[in-house]
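Subject: The structure to look at

Hi,

Here is the structure I promised to pass on. Have a look at it first, and then read my notes below.

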Amino acid sequence: MDTVPRKDIFLEVREVIDEKNFLLAEKILKDFIATEPEKDKLYEAKFMLAYVYLSQNRNREALNLFEEISNLKNPHKRSADATFMAGILYERKFNDRKNARRYYEMYLEKWPQRRLAKKALEKLK
């Protein structure tokens, strides 16, 4: 018996998020994270889950994931964005300017040419 191939997990989650079904998106991502051995896809899923948490005002859980991705020994393609988002969360949601600065500085140190470098620099003024 042939099985129908599953839709790309990230496309599926984006569609569910577009429908504002954050609980279903969370479940799909958590199930995927629990079984995904490939680190690239694992951290992509965790990055998406962090945004799902933000959509539900679960800021501490989002911050924990952004920090995990930001502080990887071998940076992931989402590490730069996760670093910037950690700074934003510390600044806006936790009123913790010291940690916000730390993440903006880390962004500029590691990714000075990336798209959010100018914004990170402005945040440090």
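To start with, are Tyr 90 and Tyr 103 buried or exposed? Tyr 90 is buried, and Tyr 103 is buried as well. Here "buried" means under 20% relative accessible area, "exposed" means over 50%, and "partly exposed" is in between (1.4 Å probe, protein chains only).

Before the rest, some ground rules. This is a predicted model, so to speak of a local feature I need pLDDT of at least 70, side-chain atom pairs count only at pLDDT 80 or more, and totals for chains, interfaces and linings use all residues. Residues are numbered from 1 along each chain as its sequence is written, and side-chain values use heavy atoms, with hydrogens and water left out.

**The overall picture**

The protein chain has seven helices and zero strands. (Helices are DSSP runs of H or I with at least four residues, strands are runs of E with at least two, and numbering goes from the N terminus.) Read from the N terminus, the order is α-α-α-α-α-α-α. The C-alpha atoms fill a box of roughly 60 × 30 × 20 Å along the principal axes. Of the 125 residues in the protein chain, 46% are buried. Take the contacts with a separation of 6 or more: 43% of them involve residues 24 or more positions apart. "Contact" means heavy atoms within 4.5 Å.

**Helices H5 and H6**

Two packed helices are described by the angle between their axes and the distance between the axes. How do H5 and H6 compare in direction? Their axes come within 7 Å and cross at roughly 160°. (Axes are lines fitted to C-alpha atoms, for helices over the stretch in contact, and angles run from 0 to 180 degrees between N-to-C directions.) H5 and H6 are therefore roughly antiparallel to each other. The cut-offs: under 35 degrees is roughly parallel, over 145 roughly antiparallel, 65 to 115 roughly perpendicular, and the rest oblique. The crossing of H5 past H6 is left-handed, a word used if the near helix is turned anticlockwise from the far one by less than a right angle (clockwise would be right-handed). Residues that meet here include Ala 80, Phe 84, Gly 87 and Tyr 90 on the H5 side, and Ala 100, Tyr 103, Tyr 104 and Tyr 107 on the H6 side.

**The aromatic rings**

A search of the whole structure turns up nine aromatic pairs. Rings of Phe, Tyr and Trp (its six-membered ring) pair if their centres lie within 6.5 Å; planes under 30 degrees apart are stacked, over 60 edge-to-face, and the rest tilted. Back to our two tyrosines: the ring centres of Tyr 90 and Tyr 103 are 5.9 Å apart and the planes are at 20°, so this pair is stacked. Tyr 90 lies in H5 (residues 79-92) and Tyr 103 in H6 (residues 97-110), so the pair ties together parts that are 13 residues apart in sequence. Tyr 107 and Trp 111 make a tilted pair, with 5.9 Å from centre to centre and 50° between the planes. Both Tyr 107 and Trp 111 are buried. They also belong to a cluster in which ring pairs link Phe 84, Tyr 104, Tyr 107 and Trp 111.

One more ring to find: Arg 60 lies over the face of Phe 94, 4.3 Å from the ring centre. (A charge sits over a ring if NZ of Lys or CZ of Arg is within 6 Å of the ring centre and within 35 degrees of the ring normal.)

**A few single residues**

- Arg 78 lies in the loop between H4 (59-70) and H5, and counts as partly exposed at 23% relative accessibility. Beyond its neighbours within four places in sequence, Arg 78 is in contact with Glu 44, Phe 47 and Ile 69.
- Asp 81 is in helix H5 and counts as buried at 10% relative accessibility. Leaving aside neighbours within four places in sequence, Asp 81 touches Phe 47, Arg 115 and Leu 116 by contact.
- Asn 57, in the loop between H3 (39-55) and H4, has a phi near 60°, a positive value in a residue other than glycine. Asn 57 is exposed, at 59% relative accessible area.
- Asn 95, in the loop between H5 and H6, has a positive phi too, near 50°. At 71% relative accessibility, Asn 95 is exposed.

Happy browsing!
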